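Me: Hi! Could you walk me through this structure in plain words?

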Amino acid sequence: MKRVLITGAAGFLGSHLCDRFIKEGYHVIGMDNLITGHLSNIEHLMPLEQFEFHHHDVSKFVHVAGKLDYILHFASPASPIDYLKIPIQTLKVGSLGTHNLLGLALNKGARMLIASTSEVYGDPMVHPQTEEYYGNVNPVGPRGVYDEAKRFQEAMTMAYHTYHKLETRIVRIFNTYGPRMRLNDGRVLPAFIGQALRGEDLTVFGDGSQTRSFCYVDDLVEGIYRLLLSDYAQPVNIGNPDEITISQFAEEIIKLTGTQQKVIYKPLPKDDPMQRQPNIDKAKQILGWEPKISRAEGLKITYDYFKSLPEEKLFDKDH
Ligand code: NAD
Ligand code: UDP
């Protein structure tokens, strides 16, 4: 049986990856320090013999007994309010955490895939963003702690690939959504749906003309699975190119939820990227991948998930 270590396993994306690898017949070792994740995301996996959970901070030395075929490094705060709250841990998990896991991969002869991000492009001057674009990141701005950690993570991973001949994969993930996002993590989709469910006005930052392109989680997981099994070591964008302004997005959520609330405007956070859309030609050519789930379908599934949560979670600032 192939064995895979997934860090950030109790988080949004990590937990969906655990599900997929279990389904594919792997033995899955999930690792997480629960700083932004919740065990509730993986409690359905706990009774399985095929699954084990290690409560551990990967910025400290990582030990796993037995063989490992693959490592997927997804541990990192990912929402702006999370990484602004814990900036040093964010820098550490992207740098020290990545170094620890690369060392483990080398030691075990495992292939390592890292979760990079469209944030490596910063506030992009090239649109849509191709993998060749170097980006426009402010290293000392508030988002620098996340963006630079991820850029360092890519550089370190590529160095292990070049100098140690380690098998590595780099996925640059664009805004992804779906069930198990935290309702109060500050990201725009849970923010808007949470506000609609609580009967609050929807907070659009800036004038709402900034754009994002939202990918449903199952599409992302499929892309990551294919990339891991491919032989391509350069970065690959995975995201849904269907671009929308944040104002239009708020209108879609108002329609979906039937809320009577309106949109209110708040200041745009510093260095908030003005436009973002992945160019996915590489993923199409190399992985034969493209997203299949429309925003309408994905939003409906995600809204049903949030509606099914116990009411106290709606008002729990930590969830
Ligand atoms: P998340 O916050 O839901 O999950 C991250 C998980 O990592 C959490 O369970 C958290 O407890 C864990 N973690 C954080 N620091 C840790 C540490 N030092 N040791 C062990 N565990 C630690 O976020 P997510 O949206 O699932 O993001 C997962 C990964 O994907 C991150 O690396 C993020 O940068 C990347 N990513 C996500 C998106 C997106 O749209 N969701 C976009 C680009 C990149
Ligand atoms: N945003 C917003 N209202 C909110 C939360 C976010 O208008 O309540 C905006 C935010 O300023 C950004 C976009 O939505 O322009 C996406 O924000 P998110 O934090 O989801 O992701 P990121 O900025 O990291 O892409």
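Predicted model: local features only at pLDDT ≥ 70, side-chain atom pairs only at ≥ 80, totals over all residues.

**Ligand shells, sheet and helices**

Reply: Happy to! Let's begin at ligand 2, where β8 gives the most to the shell, with three residues.

Me: Thanks! Which residues come nearest to ligand 2?
Reply: Those are R187, V188, A191, T203 and F205, out of 16 residues around ligand 2. A residue is near a molecule or strand here if its C-beta atom, placed from the backbone, lies within 6 Å of it. Both α5 (188-198) and β8 (202-205) supply at least two residues each to that shell.

Me: How many of the shell residues around ligand 2 are nonpolar, polar and charged?
Reply: Eight are nonpolar, five polar and three charged. For these classes, Ala, Val, Leu, Ile, Met, Phe, Trp, Tyr, Cys and Pro count as nonpolar, Asp, Glu, Lys and Arg as charged, and the others, Gly among them, as polar.

Me: And which residues come nearest to ligand 1?
Reply: G8, G11, G37, A75 and S76 do, out of 28 residues around ligand 1. By class, that shell has 13 nonpolar, 13 polar and two charged residues. The largest share, three residues, comes from α1. Each of α1 (12-23), α3 and β5 (111-117) supplies at least two.

Me: Switching topic: what is the strand order in the open sheet?
Reply: The order is β3-β2-β1-β4-β5-β6-β11, seven strands with parallel pairing. Two strands pair if DSSP finds at least two bridges between them. At the edges sit β3 (51-55) and β11 (235-238), each pairing on one side only. Neighbouring strands in this sheet are turned by 20° against each other on average, direction ignored.

Me: Over how many bridges do β1 and β2 pair?
Reply: Five, in the parallel sense, between β1 (residues 3-7) and β2 (residues 27-32). For instance, I6 has G30 in β2 as its bridge partner.

Me: Which strands does α1 touch?
Reply: α1 packs on the sheet against β1, β2, β3 and β4 (70-73), and its direction makes about 170° with that of β2. Axes are lines fitted to C-alpha atoms, for helices over the stretch in contact, and angles run from 0 to 180 degrees between N-to-C directions. As for α3, that helix lies across β1, β4 and β5, running at about 175° to β4.

Me: At what angle do α3 and α4 pack?
Reply: About 15°, with the axes of α3 (residues 87-108) and α4 (residues 144-164) 8 Å apart. The two helices are therefore roughly parallel to each other; the cut-offs are under 35 degrees for roughly parallel, over 145 for roughly antiparallel, 65 to 115 for roughly perpendicular, and oblique for the rest. The contact includes L91 and L102 of α3 and F152 and M156 of α4. Two residues are in contact if their C-beta atoms, placed from the backbone, lie within 7 Å.

Me: And how do α5 and α7 pack? What is the angle there?
Reply: About 40°, with the axes of α5 and α7 (residues 246-257) 10 Å apart. That makes α5 oblique to α7. Among the residues in contact are F192 and I193 of α5 and F249 and I253 of α7. By class, this contact has eight nonpolar, one polar and no charged residues.

Me: Last topic: where is the cis peptide bond?
Reply: From H127 to P128, with omega near -10°. P128 is found in the loop between β5 and α4. There is also L34, which has a positive phi of about 65° although it is not a glycine, and L34 is in the loop between β2 and β3. Most residues other than glycine have a negative phi, and most peptide bonds are trans.

Note on methods
Residues numbered from 1 in each chain as written. Chains lettered and ligands numbered in written order. Helix = DSSP H or I, 4+ residues; strand = E, 2+ residues; numbered from the N terminus.
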